[in-house]
Amino acid sequence: MASQSQQPLLVIEDLYVSVDDREILSGVNLTIAEGETHVLLGPNGHGKTTLLNTIVGLPGYRVTQGHIMFKGTDLAELEIDERARMGIGIAFQRPPAVRGVKLRQLIEVATGEGTGGHDELLADLVGQLGLSKLIDRDVNMGFSGGEAKRSEMAQLLAQMPDLTLFDEPESGVDLDNIAVVGKAMNRLLKSVRAGHATRSGLIVTHTGHILDYVNGDIGHVLYNGRLACKGNPRDLIKEISKHGYEKCVECAICQR
Amino acid sequence: MSAIEERKAEIARLAQAAVAKPATFGPDLDLTQFNAAEDVKSVESLESLDKQVKETALDIGFDTTEKGRSGSYFQMDRSPIYRKVEEMFDNKLEIMSTEEALVMYPELMYEKYYWRNVAPDKDKYTAQVALGHTEGYFIRVKAGQKIDKPIQACLFVSENNISQNVHSVIILEEGAEASVLTGCTIHPKVRNGLHAGISEFYVGKGAKLTFTMIHNWSEDFHVRPRTGVTVEEDGVYVSNYVMLKPVRSLQTFPSARLVGDRSRAVFNSIVYGLNDSYVDIGSEAILEGTGTRSEATARTVSRDRSTVYSRGRLIGKNNDCKAHLDCRGIVFSEESTQWAIPDLASVGAPGAELSHEAAISPIAAEEVFYLMSRGVPKTEAISMITRGFLNVDIPGLPPALRRQIDRALEQTAKDAM
């Protein structure tokens with residue numbers, strides 16, 4: 001497998017990002033190889049969501065320096081939908097409600113054309129994620145926290161991105177739902193791409209609870225707009241829960 | 001003079017006095033600019049109509065094969081050229097032209113139905129219809145009959161610059177149920193003209209009428225429908241109105257009087273303002289009986305240089321009545337104007353509960369980006385959201401009508417791309 005992964009899937013180099021003229025990211029470097037799942041830890045307001053939204057290409061996140069390469073292509077000039085079609089997917093923390101657009105329709109468009117087997121996939125997703133009551137409702141309209149996350153997971157399992165970004169997949173979700181969401185994340189990340197290693201992921205988590213269900217290969221702490229340390233995600237969380245972020249970024253287990 | 005003659009004279013007198021009376025809303029038109037319609041020959045079968053006519057009719061939901069319909073009425077210009085009731089509904093449903101009904105049931109018509117829900121002197125448009133040669137459909141569903149397939153009617157304008165005057169009457173006797181799909185449209189060659197249509201609907205005790213109207217005009221055409229409805233005890237009136245194509249000016253403000261206890265009126269309107277269209281639509285519910293209810297939902301989109309008014313009036317006259325109005329609009333162009341005008345009144349009824357939600361806002365960028373993040377290109381995402389916005393959930397809408405509306409929305413979304 002490694003021979004096919006000469007080129008890492010995602011390479012972020014010296015990335016500076018501003019929102020409303022305020023600098024949020026100040027020189028982020030991150031490389032995600034095929035088949036790797038990375039975990040992004042860090043206190044609120046230090047740039048985790050900004051990093052994800054910048055990769056996705058949401059307007060308002062201005063890259064002032066550095067670049068993001070995906071499959072060897074610089075993403076700078078690409079629209080959100082072009083990035084999605086290249087293989088980048090995101091599970092939003094709080095996805096917006098869209099009046100009149102049904103979850104079913106979103107799953108259909110995410111599946112894309114020409115892949116076939118839509119009905120089976122849909123039935124499978126409805127069953128696995130317990131969506132029978134949601135599938136024909138306006139997407140996210142009045143959905144509970146857990147319902148919104150399950151709906152996001154269904155859309156991503158239809159889209160099957162090569163790199164999936166998960167923004168706080170456990171926030172606002174009760175324990176039962178975390179298990180369902182975790183299972184779906186595993187299904188997505190472990191599924192094989194023809195001729196490639198398994199898919200890659202970048203999981204933003206504030207609490208780390210989702211790691212009880214999903215295995216992360218490499219953890220990072222995003223602190224003050226920079227990746228301050230790198231290590232085994234579980235070790236990092238242990239460290240953080242003992243000493244807090246401030247001490248963690250100075251500690252010895254860090255590889256960075 | 002007989003009572004009927006007296007009533008005829010009265011209608012004429014009232015109309016005569018209103019020939020120059022402008023309507024309350026909408027641009028005032030000079031009616032002398034339009035020619036009178038000529039007679040058109042009847043047809044034995046709808047299949048014999050010219051292909052372009054059939055296709056145009058299908059766009060507004062009128063299926064010339066008559067598949068899945070209980071009955072059909074086709075009027076071209078001023079002439080009712082075709083009418084038919086499917087055999088299985090023979091003794092349950094009557095369809096004829098209004099002129100024929102006036103001949104067949106003069107007492108009934110003049111005493112109870114003809115010009116009773118709409119006043120001949122309301123404005124110059126009602127006056128013109130009252131004074132000119134007019135046809136229209138007369139549809140009556142007999143007591144207790146439930147017509148489970150839609151009745152379809154098409155009011156078609158085939159000549160340029162004429163005034164099509166129409167006067168239609170629908171009567172649902174006690175306990176009857178029916179859905180009527182009326183499509184109004186013009187031949188593709190027609191550029192300008194006027195459609196002045198009077199509709200008087202009578203929903204009897206425990207009866208239910210679903211009336212769906214699809215309008216399809218052209219950029220220089222003027223439209224002035226005038227609709228009055230009365231609903232008796234436990235009766236239900238559901239109105240669905242869809243207008244997705246350009247028009248020069250269109251103004252309509254149908255009014256439903258809920259006279260019977262526990263009667264109900266529901267209005268759903270979907271309007272797409274394009275090019276230089278001037279569209280002024282609304283609905284009025286007058287809640288007179290005890291336990292009466294009404295809901296009005298309007299969705300309006302305006303593009304280009306269009307002007308769209310969305311009005312909704314609720315008048316509570318009973319201490320036990322409840323009504324809600326929900327109008328939302330999206331403005332797509334800096335040259336377009338939209339008005340949302342909710343208008344609520346409690347008249348001597350301190351117990352009346354009337355409420356409204358009105359909003360005009362752009363498509364949320366956040367929603368567009370959300371769809372794009374699933375790989376949908378931006379223009380397609382906007383079109384999906386717009387279609388969703390207009391795609392009002394209409395409970396109880398017959399599937400055949402749902403498909404017609406979906407088709408029209410689909411087509412409009414494609415055209416707008």
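Two residues are in contact here if their C-beta atoms, placed from the backbone, lie within 7 Å. Keep that in mind as you work through this predicted model.

**Exercise 1. Find out which residues Asp63(B) is in contact with, leaving aside its neighbours within four places in sequence.**

Step 1: Locate the residue. Asp63(B) sits in the loop that runs between α2 (51-59) and β2 (71-76) of chain B.

Step 2: Apply the contact rule. Beyond four places in sequence, the partners of Asp63(B) are Leu58(B), Arg69(B) and Gln152(B).

Step 3: Look at one partner again. Gln152(B) is 89 residues from Asp63(B) along the chain, and their C-alpha atoms are separated by 8.0 Å.

**Exercise 2. Decide whether Asp63(B) counts as buried or exposed.**

Step 1: Recall the cut-off. A residue is buried if 20 or more other C-beta atoms lie within 10 Å of its own.

Step 2: Count. Asp63(B) has 20 C-beta neighbours inside 10 Å, so it counts as buried.

Step 3: Of the 417 residues of chain B, 57% count as buried.

**Exercise 3. Compare the radius of gyration of chain B with that of a compact globule.**

Step 1: Start from the chain length. For 417 residues, a compact globule would have a radius of gyration near 22 Å.

Step 2: Compare. Chain B has 21 Å, which agrees.

**Exercise 4. Name the residues that touch the most other members of the largest nonpolar core, then follow Leu209(B).**

Step 1: The core has 193 residues, and those touching the most other members are Leu172(B), Val203(B), Leu209(B), Tyr237(B) and Ala285(B).

Step 2: Leaving aside neighbours within four places in sequence, Leu209(B) is in contact with Ile170(B), Leu172(B), Ala178(B), Phe201(B), Val203(B) and Tyr237(B).

**Exercise 5. Explain why helix α3 of chain A is largely enclosed by the rest of the structure.**

Step 1: Helix α3 covers residues 103-111 of chain A, and 7 of its 9 residues are buried, so the helix is largely enclosed.

Step 2: List them. The buried residues are Leu103(A), Gln105(A), Leu106(A), Ile107(A), Val109(A), Ala110(A) and Thr111(A).

Step 3: Find the cover. It includes α4 (118-129) and α5 (145-159) of chain A.

**Exercise 6. Describe the side of chain B that touches chain A.**

Step 1: Chain B gives 17 residues to the contact and chain A gives 20 residues.

Step 2: On the chain B side, α6 (365-372) and α7 (378-390) are the elements that give two or more residues.

Step 3: By class, this side has 9 nonpolar, 4 polar and 4 charged residues.

How values were computed
Residues are numbered from 1 along each chain as its sequence is written. Chains are lettered from A and ligands numbered from 1 in the order in which they are written. This is a predicted model: local features need pLDDT of at least 70, side-chain atom pairs count only at pLDDT 80 or more; totals for chains, interfaces and linings use all residues. The radius of gyration is taken over C-alpha atoms; the globule rule is 2.2 Å times the number of residues to the power 0.38. A residue is buried if 20 or more other C-beta atoms lie within 10 Å of its own, exposed if 12 or fewer, and partly exposed in between; C-beta atoms are placed from the backbone. Helices (H or I, at least four residues) and strands (E, at least two) are DSSP runs, numbered from the N terminus. Ala, Val, Leu, Ile, Met, Phe, Trp, Tyr, Cys and Pro count as nonpolar, Asp, Glu, Lys and Arg as charged, and the others, Gly among them, as polar. A nonpolar core is a set of buried Ala, Val, Leu, Ile, Met, Phe, Trp, Tyr and Cys residues joined through C-beta atoms within 7 Å.
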